[in-house]
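Dear colleague,

Please find below the structure that I am handing over to you. My notes on it follow directly after.

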Amino acid sequence: MTIDDAPRDALRSGPRELLRWVASGAAVSRADLARLSGLSPSTVSQRVEALINQGLLEETGAGRSRGGRRPRQLAVPTGGAVVGAIDLGAHHARLGTLDLSGRVVQARTRSVSIEDGPEAVLGGLLAEVSALAAAPEKTGGASAASVLRGIGIGIPGPVQHATGRIVSPSRMPGWNGFDVAAFCADRVEVPVIVDNDANLMALGAHRTAHPELDHAVYIKAGTGIGSGVISSGRLHRGAQGSAGDISHCRVVADPAPPCTCGNAGCLEAVASGAALVTALRDQGVPVSDLTGVIRLIDDGDRHATALARQAGRAIGEILAVVVNFFNPQVVAIGGRLADCEPLLASVRATLYERCLPLATQTLLIERVTTGQDVGITGAAHLVIDHVVATS
Ligand SMILES: [Zn+2]
């Protein structure tokens, strides 16, 4: 049984949680882990042994003696194990290394142009993540090389989960059908896990902000638009990996703008950052990118603000269907458009108008607050879960 298949209760005190308690300093011994998890000492010992055998934990033997044999202390190996993470966007990539508790060790942003194609873009980013792990920057005197345990990559397009292949992405010329997993396997020797960027945002935000909630929906509204779903505490991908992809759901719009998929009136063609740029230009407003749109909205430009409200209503309409159907505890909006107050206000208003009272009674509607590292945090957790599950 993998962690993905484990019952929810077992997941809360599974090997991953034990590792996280040690990595965060909450536990330094088997006794601490037994107390925190509620598991029996023998089960804790069994799981700790497995983690030690995998090199994910070590015993330092430096515990304080209380007169008898010195208790063995547990720690995440120093010089330690890290996971690499890449969160790829249309114009920028966030990349870094994170420790086994999911904390960022090093992170940086790189300009990329997705039109350069997968080999050029991914080749450079993979090399940089590997280099970061091999020769970390000196911070606080610690600069020992880390052992890279795996790399997680978020792609701003549909990813077939079983194969790691990209299928019919919008605005990513040259990427259709590209086998990201195979490309990476030829270049690095550690496991590489590929997923959609909205899924990684969902995982990162859920683990950081609301690990206690079992049912959550995260909308990523940036240049494109997508969502990630947490169901019963786990990322829900569906049969192929396309669960949560709301970009081509149809919304009421007159006129219905054409979409990159060949249809008209798709959510992405109405409410994404790219759609707002196009709509403003069509109205004669000289704006070059999403940053320019957000600046106009912040300055109270009436054209831009009206479009942001319209986008918020469109997102709210689709989200209302999702909320009625799925009954989440929290809905959170992330991505660069989440900072647009008029858009967020329209999402809220539409949800309250269109959802069943029972669905919204205790529903939290919020902004993703994890910051720019939310995607790499999700990517790291994906890898950590994989490493622990295969221990
Ligand atoms: Zn479409």
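Asn327 lies in the loop that runs between α11 and β13 (330–334). Please bear in mind that the model is a predicted one. The phi of Asn327 is near 55°, a positive value in a residue other than glycine. With 14 other C-beta atoms within 10 Å, Asn327 is partly exposed.

A second residue of this kind is Ser168, which is not a glycine and yet has a positive phi of about 50°. Ser168 sits in the loop between β8 (165–166) and α6 (180–185). Is Ser168 buried or exposed? Ser168 counts as exposed, because it has 12 C-beta neighbours inside 10 Å. As background, most residues other than glycine have a negative phi, and most peptide bonds are trans.

The peptide bond between Asp254 and Pro255 is cis, with omega about 0°. Pro255 belongs to the loop between β12 (234–235) and α8 (267–271).

**Helix α11 and its partners**

Helix α11 comprises residues 302–326, and its axis comes within 10 Å of that of helix α9 (residues 273–282), the two crossing at roughly 140°. This angle makes α9 oblique to α11. The crossing of these two helices, α9 and α11, is right-handed. On the α9 side the contact involves Leu276, Ala279 and Leu280, which meet His303, Ala304, Leu307 and Ala311 of α11. By type, the residues of the α9–α11 contact are six nonpolar, one polar and no charged.

Helix α12 (residues 341–354) also packs against α11, at an angle of about 35° and with the axes 7 Å apart. The crossing of α11 and α12 is likewise right-handed. Residues of α11 in this contact include Ala311, Ile315, Leu319 and Val323, and those of α12 include Leu343, Val347, Leu351 and Arg354. The residues of the α11–α12 contact divide into 13 nonpolar, five polar and four charged.

**The nonpolar core**

How many residues does the largest nonpolar core have? The number is 114, and the residues with the most contacts inside this core are Ile86, Tyr218, Leu267, Ile315 and Leu319. Helix α11 supplies the largest share of the core, namely 11 residues. In soluble globular proteins, nonpolar side chains tend to be buried together.

Which residues does Leu319 touch, apart from its neighbours within four places in sequence? Leu319 is in contact with Ile219, Val331, Val347 and Leu351.

Ile225 is buried, because 31 other C-beta atoms lie within 10 Å. Ile225 and Leu267 are 42 residues apart in sequence, whereas their C-alpha atoms are 7.8 Å apart in space. Beyond its neighbours within four places in sequence, Ile225 contacts Lys220, Ile246, Ser247, Leu267, Glu268, Ala271 and Ser272.

**Helices α7 and α14**

Helix α7 (residues 197–209) and helix α14 (residues 374–389) pack at an angle of about 85°, and their axes are 7 Å apart. The two helices α7 and α14 are therefore roughly perpendicular to each other. Among the contact residues are Leu200, Met201, Leu203 and Gly204 of α7, together with Val374, Gly378, His381 and Leu382 of α14. The residues of the α7–α14 contact comprise eight nonpolar, six polar and two charged.

Helix α2 (residues 15–24) has eight of its 10 residues buried, so α2 is largely enclosed by the rest of the structure. The buried residues of α2 are Pro15, Arg16, Glu17, Leu18, Leu19, Arg20, Val22 and Ala23. After α2 comes Gly25, with a positive phi near 90°.

Arg30 is in helix α3 (residues 30–37). Is Arg30 buried or exposed? Arg30 has 21 other C-beta atoms within 10 Å and is therefore buried, the threshold for burial being 20 or more. Setting aside its neighbours within four places in sequence, Arg30 contacts Pro41, Val44, Ser45 and Val48. Of these residues, Ser45 is 15 residues from Arg30 in sequence and 6.7 Å from it in space, C-alpha to C-alpha.

With kind regards

How values were computed:
Residues are numbered from 1 along each chain as its sequence is written. This is a predicted model: local features need pLDDT of at least 70, side-chain atom pairs count only at pLDDT 80 or more; totals for chains, interfaces and linings use all residues. Axes are lines fitted to C-alpha atoms, for helices over the stretch in contact, and angles run from 0 to 180 degrees between N-to-C directions. Helices (H or I, at least four residues) and strands (E, at least two) are DSSP runs, numbered from the N terminus. Angles under 35 degrees count as roughly parallel, over 145 as roughly antiparallel, 65 to 115 as roughly perpendicular and the rest as oblique. A crossing is left-handed if the near helix is turned anticlockwise from the far one by less than a right angle, and right-handed if clockwise. Two residues are in contact if their C-beta atoms, placed from the backbone, lie within 7 Å. Ala, Val, Leu, Ile, Met, Phe, Trp, Tyr, Cys and Pro count as nonpolar, Asp, Glu, Lys and Arg as charged, and the others, Gly among them, as polar. A nonpolar core is a set of buried Ala, Val, Leu, Ile, Met, Phe, Trp, Tyr and Cys residues joined through C-beta atoms within 7 Å.
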